Every structure is written in C-alpha cells, then in structure tokens.
Amino acid sequence: MKPDRPALALLLLFVSGFCSLVYQTLWVKQLGLVIGVDVYAVSIVVSGFFFGLGVGSFYFAGVAQRSANPRRLYAQLELATATASLLTLLLLWLGAPLYVAIEAYLGRIAIALLWLIIAIPAVFMGGTFLALLRYYRTDKRRLGQSVGVLYGANTSGAIIGTITTPFVLIPLMGVIGSGLFAVSVNLVLALLAAQLLLPKLVGSEVSAERSVGTQGRHIIFVLYSLVGFSAIAYEVIWGQMIIQFLNTRSHAYAVMLAVYLAGLAVGNLLMSRRVDAIKNTWQTFSLLILTAAASALFSIVLVNAEVLEIQRSVGALVYQWTGQLGFRMLAQFLFISFFFIFVPTCCFGALFPVAAKISDGNAEQGTLSSGYALATNTLGGVVASLLFGFWVIPALGLINAVVSVTVLLCTIACIALYHARCSRHVLPAFAASLLLIVSLAVSMPRDKFAQLLVNQEGGELQYFAEGVGNTVAVIQQGEGDREFRRLYIEGISNTGDVMASLRYMRLQSYIPLLVFNGQPRSALVIGMGTGITSGALLNYPSLETLEVVELLPEVVAATPYFQGNYAVYDNADIGITVGDGRHKLLRDPQRFDLITLEPPPPTAAGVNNLYSSDFYQLCKTRLTPNGVVAQWWPISTQSLAASRSLVRAMLDSFDYLTLWTTELHEMLLVGSMHPMSVDIARIENTMHYPPLAESLREIGINSPEALLATYMMNKEGLEAFAGDAKPVTDNFPRLEYDSWTSKKVILDVLPELLSKQQELTAVPPARRKAYHFEQEKLHAFYLAGLSVYSGDRETWAEMLKRLYRADNQNAYYNWFRVDQ
C-alpha cells in the first residue's frame with residue numbers, strides 16, 4: 001500500500017518537533033554546568049536556538065523551493081541535525097574545563113562560542129519544516145491550510161518533548177541517555193524520509209521552480225518579525241511573572257512552556273481550517289494581534305486573590321480524586337498557565353497561516369514565503385529574549401514591560417488595519433478596543449505583583465526587586481518578640497531570620513569549623529541568602545580568608561533587611577562575589593579549609609548541581625589537605641528515596657563523613673578526605689571566644705555538650721541509611737526530578753535517623769551525663785515537633801512544657817514556648 005503523503009509529512013514533523021524540545025531542555029541543563037545556573041544559560045540556549053532556526057528558515061526556504069527532491073533534502077537535514085546535536089551534547093558534557101580555560105583568555109566573549117554551538121544544530125532544524133512543506137505539495141487554494149496544519153503538527157510534537165523530558169526521559173535515562181535517544185530518533189526520521197524503511201512513493205518528487213520575487217509584500221515580514229518579538233517578550237515576562245504562582249521546580253517551567261506551545265499549536269490548527277476562505281486577511285491579521293494584546297493584558301489586570309483561591313481549589317479537587325500530590329500540583333500549574341498564556345498564544349499561533357497567506361498566495365512560492373515569514377518571526381524573538389531578559393524587565397519592571405509590549409502590539413494592529421482597507425463599521429469598534437487596552441495598560445498599579453505576594457503570604461513588604469530573570473522580596477511577618485523576616489525568590493519562601501533558620505544557618509558554619517582537624521584559616525560560603533551563614537564566619541577567631549558567592553545580586557541587596565547576620569554585607573573582611581558557586585570553583589584554583597553551602601531547596605531547578613557527586617569531586621580539588629565540605633540537608637523538602645540518594649552522593653565522594661542535626665527540619669553533612677577531630681577540650685576553648693560564645697547562646701548552644709548533642713552518626717551509620725540508593729549525579733539529577741512530597745515526609749525521615757543515632761565516643765566519661773542530658777532535651781523537642789505533623793498538638797504542648805521545666809534558659813526552645 002502506498003503511504004499517504006500528508007500523513008507521513010505530519011508524522012515526521014511531529015516527531016521532529018519532539019526532538020527539538022528535548023534538545024533545548026537538555027542543553028539548558030548542560031549549560032548550567034558549564035557557565036552556571038542563571039538566566040544567562042537559559043538565554044544563550046533560547047537565543048542561540050532561535051537564531052539557528054531563523055537562519056535555517058531563511059536559507060533553506062530558497063533551497064527547499066528549488067529542490068526537485070524535498071524528501072531527500074529532509075532526510076539530509078535530519079541526518080545533519082542528529083550529527084550536530086550529538087556533537088553539541090558531547091561538547092557541553094565534556095567541555096566545561098575547556099570553556100573555563102578559554103574564558104580565562106577571552107573573558108565573557110567566550111560565551112559566544114557556546115551560543116554558536118547551540119545555534120548550529122538549530123540551523124538544520126529550521127530547514128526541516130520547509131523541506132516537508134515542499135514535499136507536502138498543495139494548491140493555491142489550500143496554501144494557508146497546509147502551512148497551518150504542518151506547523152501545528154511540529155509544535156504539537158514540541159509540546160510532548162517539553163513535557164516528557166523532565167517527567168519521563170531524564171528520570172529514566174539521564175541527561176546523556178535522553179540526548180542519545182533524541183539523536184536516535186532523528187536518525188530514524190532520516191531513514192524514514194530516505195525510504196529505507198518505506199516503499200517508494202510513486203510520483204513523489206516535485207519539479208524545481210524558479211523563485212518569484214515578493215515585491216510589495218515585505219511589510220508582512222516586518223510586522224511578523226515584530227509579532228515574534230512580542231511573543232517571545234511575553235514568554236520572558238510570563239516566565240518571571242507566573243512562576244510566583246507555581247513553583248521553582250523544573251516541572252513547573254515545563255508545564256508553563258507546554259501551555260505556551262499548546263496555544264501556538266491550537267491557534268495554528270484552528271486557523272488553518274479556514275484561512276484560505278478568508279477574504280480580508282490583513283483585517284484578520286490586525287484583529288488577531290489586537291486580541292492577543294487584550295487577552296494578555298486582561299489576564300494580568302484580572303488576577304487577584306480570588307483567582308489564586310480558584311487555583312488552589314482546582315488542585316484540591318484533583319487531589320481528592322486522585323490522592324496524588326503530584327497531580328494536585330500539576331493541576332494548579334496548568335490552571336494558572338492557561339489563565340495567563342493560552343488565549344494570547346492561540347492568537348500568536350493563528351497568525352502564522354494568515355501571514356503565510358498574505359506573504360504569497362502563489363502555491364509554488366509557498367515554501368519560500370513561509371520560510372521568510374518563519375525566519376523574520378524567529379529572529380525577532382531572538383532580539384526579544386535578550387532585550388527583555390537582560391534590560392527591559394530589570395530596568396522597567398514587569399508591569400512596564402507588559403505595557404511596552406502592549407503598545408507595540410497595538411501599533412502592529414494599526415498598521416495591519418491600514419493595509420486591510422476594512423469597511424467603515426470596523427473602525428469605530430477597533431478604535432474603542434484600542435483605547436480600552438491602552439487605558440488599562442497605563443493605569444495598572446506598578447506594584448501589583450508585589451502586593452499580590454504580600455496578600456498571599458501575609459505581613460509587610462520590606463524589599464522588592466525585579467532582576468535579570470528573577471524576583472526577590474523580603475516580607476516581615478510575626479509580631480512582638482517573634483517578629484521575623486522571610487526571603488522570597490520567585491514568590492517562593494527560601495529562608496528567613498526566624499529562630500529555626502538562625503540556628504541551622506549559624507551551625508552550618510560553626511560545626512564544620514569546630515570539628516576541623518587543625519586551625520581553619522579560610523572558608524567559602526556558596527549561597528548568601530539572609531547572610532546568616534556567612535556572617536557567622538566573622539565570629540570564628542582563626543579565620544583569615546572569608547568569601548561568599550551568591551547567584552543573584554538582588555539577594556545580596558536584600559541582606560541588610562535581616563537580623564543576625566552581623567552586617568556581613570558591609571564588612572571589608574569578607575569578599576562577596578555575584579555569580580554561580582559551582583562555576584567559581586571550576587575557574588578559581590583557590591583552596592579552602594571549609595566550603596559550606598546555603599543553596600535554595602534541593603528540588604528547585606538547577607540546585608541539583610550543588611548536590612551531585614560530580615560537584616563534590618570538584619569541591620575536593622578546592623580543599624586544603626584537611627579541608628571539609630558542609631552540605632545542608634533539609635529533610636522535609638524531598639522524598640525519602642531522594643534523601644537517600646542525596647546522602648549516597650556524599651558517601652561515594654568522601655572517605656570520612658559525619659551527620660549533625662542543626663534543627664528539627666535540617667541536617668548537616670560534613671565530609672572530608674581526612675579524619676575530622678572532635679576534641680571537646682579544643683571546642684570548649686574555642687567557644688570561650690566572646691563573639692562566638694554569644695552567637696551560639698542566641699541559638700540555644702550554651703555548652704560544648706549542647707553542641708556535641710547535635711551529632712547523629714558517622715559514615716557507617718549513613719551507609720545504613722542510604723542503603724543501595726543510587727547517587728545524585730549531573731547525569732541523573734534525582735533531586736530535581738524527584739516526585740512531589742509534602743512536609744509530612746519528615747515523619748519518615750527523622751524517626752529513622754534518630755533510631756540510627758550513634759554515641760559520640762570522643763566525649764570523656766566525666767562529661768557524658770551532661771552530654772546525654774542535652775541529647776534527651778533535643779530528642780524531646782524533636783518528638784514534640786513530630787507530634788504536630790501527626791496532628792497531635794496536645795502532645796506537642798505537653799512535651800514542650802516538660803522541656804521548659806527541665807531547661808528554661810535555652811533560647812532555641814524558648815522561642816517556641818506555648819505559654820507566651
């Protein structure tokens with residue numbers, strides 16, 4: 001049986017679109033390991049990818065138009081895509097040391113090399129659509145339909161690639177395995193197109209046609225490039241705006257991008273069914289632009305506490321049906337993404353078949369005009385991804401960025417309507433709509449999203465900044481002597497200066513320094529946060545070199561708003577660098593006695609890079625002979641299986657490893673290649689240093705025994721906990737793609753750790769009674785906390801009262817007093 005040509009073209013484009021988004025997702029992750037996890041990595045991939053697509057569309061438009069064998073051209077392009085993508089995958093995986101060496105000579109210009117590496121395979125991807133459009137072969141009356149259906153199929157495949165990469169491929173195959181899978185699929189497509197696996201199509205080839213000029217139609221290419229600029233500008237805006245209503249996990253970003261692509265696909269497919277029957281295509285083009293502007297703006301105007309309550313209700317309903325937290329979160333992600341994104345992207349998607357119809361109604365020139373339309377649209381998007389990501393939003397803020405895109409879209413709509421020569425009855429309605437849109441845009445409160453965050457979280461806003469790819473806020477909450485401030489990044493609470501945070505973050509510095517085998521002289525903190533961990537270093541008497549590296553400048557600017565950090569932001573003795581911590585270790589050969597980490601939660605996008613065994617291997621090259629790495633382990637933010645993998649990564653990396661409990665919800669892993677020293681006499685002597693002693697008393701550590709009571713176990717105990725778990729690695733980022741879990745996972749993790757707690761043999765017999773007393777009090781406090789998660793608040797209150805009768809001088813316990 002002879003294969004159906006349209007069906008084959010749709011299938012090939014669908015799968016090709018799938019592969020392209022698999023690559024894009026993987027390259028973002030890989031670039032994060034090379035240059036750091038920040039907006040620059042994403043922008044390089046997006047802009048390089050789009051630039052390659054644009055160049056490919058422009059160049060291969062003519063090639064496909066002239067080709068007498070577009071099927072063979074498609075096969076060659078898929079083969080080139082597979083080869084170039086494989087090389088890109090391997091270069092990014094193995095090329096970090098080489099890039100650092102090149103960067104040392106060229107500076108930030110070296111980033112252009114990475115941009116080029118991403119762009120090259122995208123050039124070939126940009127030609128595949130046009131080759132199959134030529135192969136599809138249509139007549140003049142169905143040109144718009146052909147373009148829309150084919151582009152819709154390609155975008156639909158991209159949606160599947162966007163979703164399956166973080167949800168299925170990476171968890172099952174790893175980053176490299178997923179990339180090799182996509183390369184294999186591209187090779188299969190090439191074979192299919194070359195008909196090595198299919199019988200030859202009779203009469204399948206088309207005659208080459210000489211290109212005909214498009215004089216008089218250049219205006220549509222200019223306008224469509226501005227549409228591409230606006231669509232990607234909105235993608236950048238939405239990426240920073242909507243995430244505060246979602247989550248900072250990779251799954252949330254994937255759902256948001258999938259909805260964006262779904263809108264484009266649906267708009268394409270719907271318009272392709274009727275575009276060839278439209279008489280006034282310019283008027284349709286204008287009205288679609290105006291609708292896109294209006295729907296994007298109205299969603300921002302309308303979002304409020306009631307909308308967010310509906311979002312939560314949708315999630316609760318899905319959870320009631322399924323009993324799965326993951327489905328609940330997915331439903332909430334989908335609801336808010338559709339609320340903001342779907343309608344405007346439908347309009348953007350519907351514009352492509354209309355633009356293709358306007359640009360050239362000649363069926364034989366459809367490939368050429370469609371290629372030029374795609375090229376101009378895509379290259380406009382390249383400019384927007386860089387301009388809005390790096391300048392417009394940080395300089396003007398999100399609302400003003402929305403206003404600027406709204407004005408641009410209204411201008412495009414006016415120009416298109418001028419060319420439409422529409423009937424007079426359309427103009428008054430158009431003018432009224434235009435006036436309404438512009439009026440709403442300019443009248444929106446500029447602090448809308450800051451106030452939404454405050455309304456959602458409660459408290460009083462102290463600081464709010466919209467930076468390059470991020471939003472940072474500080475909100476004051478609580479009251480009286482329990483007043484504190486929280487740090488929000490992308491709308492998610494990361495940390496604060498509440499007592500629990502103050503305790504664990506100070507101990508992040510103090511415990512590894514006190515068990516260091518010798519006198520520590522240098523320390524590096526990765527992640528500034530509230531500045532509490534880095535500020536604690538200022539109280540340690542022997543330290544001479546103190547450095548902090550923080551990814552976001554807005555976080556550094558927020559540190560003055562927090563208590564307990566000893567004004568670290570204004571201390572000349574500590575060096576603060578803005579950048580990616582892993583990249584700093586990669587390019588800076590300096591060695592430290594202590595590397596301690598205060599990153600965002602391990603499941604947040606990109607944070608896995610600071611928990612992988614590959615990262616610990618890098619850390620070991622930057623440690624002094626007795627140097628230690630202190631890793632924060634929040635036990636209620638990931639599943640029990642993921643926690644085992646987190647521990648396994650450190651077990652596989654360090655010859656010596658100890659575990660300490662710094663707070664009810666937090667543990668601290670301290671690893672070294674040499675034995676660590678638990679010398680109670682030296683610890684006591686060091687703790688006599690007044691600034692250190694006062695700093696410890698403020699968090700409930702009043703004696704050496706109280707400090708040593710936080711000891712949990714050595715490497716043998718941790719081996720028993722981790723079991724046969726696979727380690728967290730760069731290739732298998734198990735934390736980032738962990739299943740959703742609630743904070744009640746602490747009921748699984750903490751009791752198991754407490755049951756495995758070991759006796760610290762370094763405590764001399766004369767001090768064991770005091771040591772055991774401190775342990776018992778800490779256990780009582782933890783068991784009281786666990787009773788809250790079990791829903792037994794009466795037991796919690798009773799246990800705390802008993803604890804206070806035993807010790808009413810402990811600042812940590814007293815902060816939670818129920819009789820205050």
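**Rings, strands and helices: a tutorial**

Author: A charge is said to sit over a ring if NZ of Lys or CZ of Arg is within 6 Å of the ring centre and within 35 degrees of the ring normal. This is a predicted model, in which local features need pLDDT of at least 70 and side-chain atom pairs count only at pLDDT 80 or more, whereas totals for chains, interfaces and linings use all residues. Residues are numbered from 1 along each chain as its sequence is written, and side-chain values use heavy atoms, with hydrogens and water left out.

Reader: Which residue has its charged end over the ring of Tyr-319?

Author: That residue is Arg-328, whose charged end is 5.7 Å from the centre of the Tyr-319 ring.

Reader: How many aromatic pairs does the structure hold?

Author: A pair of aromatic rings is described by the distance of the centres and the angle of the planes. Rings of Phe, Tyr and Trp (its six-membered ring) pair if their centres lie within 6.5 Å; planes under 30 degrees apart count as stacked, over 60 as edge-to-face and the rest as tilted. The structure holds 31 such pairs. Tyr-23 and Trp-27 are stacked, because their ring centres are 5.3 Å apart and their planes stand at 15°. Both residues belong to helix H1 (residues 5–35) and are four residues apart, about one turn of the helix. Helices (H or I, at least four residues) and strands (E, at least two) are DSSP runs, numbered from the N terminus.

Reader: Which parts of the chain does the pair of Tyr-504 and Trp-632 link?

Author: With centres 5.8 Å apart and planes at 10°, the rings of Tyr-504 and Trp-632 are also classed as stacked. This pair links distant parts of the chain, 128 residues apart: Tyr-504 is in helix H16 (residues 499–514) and Trp-632 in strand S9 (residues 623–634). Both Tyr-504 and Trp-632 are buried.

Reader: In what order do the eight strands of the open sheet lie?

Author: Two strands pair if DSSP finds at least two bridges between them. The order is S7-S6-S5-S8-S9-S11-S10-S12, with mixed pairing. At the edges are strand S7 (574–578) and strand S12 (711–713), each pairing on one side only. Within the sheet, strand S5 (residues 522–526) and strand S6 (residues 545–550) are parallel, joined over five bridges. Leu-524 has Glu-547 in S6 as its bridge partner. Helix H26 (residues 746–755) packs on the sheet and touches S9, strand S10 (656–663), strand S11 (666–672) and S12. Contact means heavy atoms within 4.5 Å.

Reader: How many residues of helix H21 are buried?

Author: Helix H21 (residues 640–651) is mostly covered, with nine of its 12 residues buried. Among them are Leu-646, Val-647 and Met-650. The buried residues of H21 pack against helix H20 (613–620), S9, S10, S11 and helix H25 (715–722). H21 reaches 16 Å from its first C-alpha to its last, close to the 16 Å expected at 1.5 Å a residue. The expected span is 1.5 Å times one less than the number of residues.

How values were computed:
Buried means under 20% relative accessible area, exposed over 50%, partly exposed in between (1.4 Å probe, protein chains only). Axes are lines fitted to C-alpha atoms, for helices over the stretch in contact, and angles run from 0 to 180 degrees between N-to-C directions.
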